[in-house]
Amino acid sequence: MQSTAAVSVSASATASRGGARSEAARRPGGIRVCGLRGEALTCPSLRISQAPARLAAARAAAAANGAVAGSGGGFDYDLVIIGAGVGGHGAALHAVEEGLKTAIIEGDVVGGTCVNRGCVPSKALLAVSGRMRELHDEHHMKSMGLQVSSPGYDRQGVADHANNLASKIRSNLTNSMKALGVDILTGVGTIVGKQKVRYGKAGFPDKEITARNIIIATGSVPFVPKGIEIDGKTVFTSDHALKLESVPDWIAIVGSGYIGLEFSDVYTALGSEVTFVEALDQLMPGFDPEIAKLAQRVLINPRKIDYHTGVFASKITPAKDGKPVLIELIDAKTKEHKETLEVDAALIATGRAPFTKGLGLENINVVTQRGFVPVDERMRVMDADGNVVPNLYCIGDANGKLMLAHAASAQGISVVEQISGKDHILNHLSIPAACFTHPEISMVGLTEPQAREKADKEGFEVNVVKTSFKANTKALAENEGDGIAKLIYRPDTGEILGVHILGLHAADLIHEASNAIALGTRVQDIKFAVHAHPTLSEVLDELFKAAKVNSGVSHSVNEPVAA
């Protein structure tokens, strides 16, 4: 989970921020953010006592810049955010930094899906699976001179580790907002009219508040196709799987995207056999095809995993009365019955659906599209007639632009910039994504097929270069040489179109590439960057150096590339 994210900033947007304003002045209360925004309270330099004065100064500055701060104009708040997940949290903290009186409404628990039922607890389980996988790899251990006998695990202890991590991060997010003066309102938020929100919970009277600006940040829930019966025990979604109430001997995972891949890593490390059920003709359909092919060779084939592609799970019946879970498979194209699987459990990892019911969008003439709230490039909500709804925004999974926690946070920060009078458009092609398997997969920008399609339409050439982890000293020292990095770029301009990595710590390595795309840095410039030796970052160093740009292309810092 990442509660803030780097966003693309054009040269004009950077100038509009006011370069003379110090970073300290933008952090009310003297908070020095350590890593995650949500962990601000863990920083030793926290000075809460200075918060009121700093907030007053920030609000005065916001008013001077044209933003109405301190609930001016007869509004209860400058900004109300519906949903306290990672996106809402990122927006709230940035709003306070900009001097806006802010409230956030949460009907469940602070942290949303990511912290409570998604990326945070899953990383705890994956940390365990990584260690178990390494301890069980006798050849790997012997090659490093290590001897380990009979490694095992305590299922409840593993589950507690995931739950405790989620609780800690949830507490950090809550405390960071409270410390900065964000009002946390408990209940289900509904838009009842222009700049009006009603919220409340069962058994208590509803309350109505007004806000100059409103952000919808309600996130998503697991998507369960028709014909699948969920009992939460033997047929379940990722929400249930993260509790790790059992480790089945044989589990079917329906869907081979990020969620399915990560859980296959966890279950096989803990001793389960896995069967993938994928509707498309190949596993990992959302990944660059070359990376997916290599990932299958590394993450699927050597493990106790088999798979069925090109099939739908038309019906799944939970285990009961001594009978196993039954999965009826039909051909994805002909819809003819193919076979019936009998397994101990089934995880439904078929993606996520927006959680937008009950928002009251009909009160402002907004019609969702497959449940998603329609927005423009500035995250402004569009009504049924195609017009912008003034002062209403939607971020994160609820708008469907890019269903990642850090994308939601970046969108929220971008919206607050606009509310504060500084136009800002987020470049979604600069936002990285990662799959935390062992080894990891990461990516940013376009896949090779996407880049070549774009090149055909716009009339330019595409070049591809690759480097191997097998040539990296640090990877070899870890005996982790499996992996490649792939760069897709334009040889005529040096523009980076996409970077894909499979290998040790790929999720950490991708950010050099994502920042380069966000800032408009070209390969002819970044190839001169210096990387410490010996580090895994040299994989990217060699990648950029391998790129050949046409002669005559200048070595200069270019303007950021628009989305």
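What percentage of the 563 residues of the protein count as buried? The share is 52%, where buried means under 20% relative accessible area, exposed over 50% and partly exposed in between, computed with a 1.4 Å probe on protein chains only.

The model is predicted: local features need pLDDT of at least 70, side-chain atom pairs count only at pLDDT 80 or more, and totals for chains, interfaces and linings use all residues. Residues are numbered from 1 along each chain as its sequence is written, and side-chain values use heavy atoms, with hydrogens and water left out.

**Whole chain**

Begin with a cartoon view of the protein, which holds 16 helices and 23 strands. These elements are DSSP runs numbered from the N terminus, with helices (H or I) of at least four residues and strands (E) of at least two. Contact here means heavy atoms within 4.5 Å. Among contacts between residues at least 6 apart in sequence, 65% join residues at least 24 apart.

**Helices H3 and H7**

Select residues 86–97 (helix H3) and residues 155–179 (helix H7), whose axes come within 10 Å and cross at roughly 25°. Each axis is a line fitted to C-alpha atoms, for helices over the stretch in contact, and angles run from 0 to 180 degrees between N-to-C directions. H3 and H7 are therefore roughly parallel to each other; angles under 35 degrees count as such, those over 145 as roughly antiparallel, 65 to 115 as roughly perpendicular and the rest as oblique. The crossing of H3 and H7 is left-handed, that is, the near helix is turned anticlockwise from the far one by less than a right angle, whereas clockwise would be right-handed.

Now show side chains: His89, Ala92 and Leu93 of H3 meet Leu173, Ser176 and Met177 of H7. By class, this contact of H3 with H7 has 4 nonpolar, 2 polar and no charged residues. An α-helix has 3.6 residues a turn, so residues three or four places apart point the same way.

**Cysteines**

Move to Cys114 and Cys119, which form a disulfide with sulfur atoms 2.1 Å apart; the term denotes a pair of cysteine sulfur atoms within 2.5 Å. A search of the whole structure finds 1 disulfide. The torsion about the S-S bond of Cys114 and Cys119 is about -130°, so the disulfide is left-handed. Cys114 is buried at 9% relative accessibility, whereas Cys119 is partly exposed at 22%. Select Cys394 next, which is buried at 0%, and then Cys435, buried with a relative accessible area of 0%.

**Two cis peptide bonds**

Centre on Pro439, in the loop between strand S19 (433–435) and strand S20 (440–445). The peptide bond from His438 to Pro439 is cis, with omega near 5°. Then go to Pro534, in the loop between H15 and H16, where the bond from His533 to Pro534 is cis with omega near -5°.

**Helix H16**

Continue into H16 (residues 538–546), whose buried residues are Glu538, Val539, Leu540, Asp541, Leu543 and Phe544. To see what they pack against, display strands S21 (463–468), S22 (484–489) and S23 (496–503), with helices H14 (506–519) and H15 (523–526).

**Positive phi values**

Finish at two loops. Asn479 lies between helix H13 (473–477) and S22; its phi is near 60°, a positive value in a residue other than glycine. Asn479 is partly exposed at 34% relative accessibility. His505, in the loop between S23 and H14, has a positive phi of about 55° although it is not a glycine. At 41% relative accessibility, His505 is partly exposed.

Conventions. Ala, Val, Leu, Ile, Met, Phe, Trp, Tyr, Cys and Pro count as nonpolar, Asp, Glu, Lys and Arg as charged, and the others, Gly among them, as polar.
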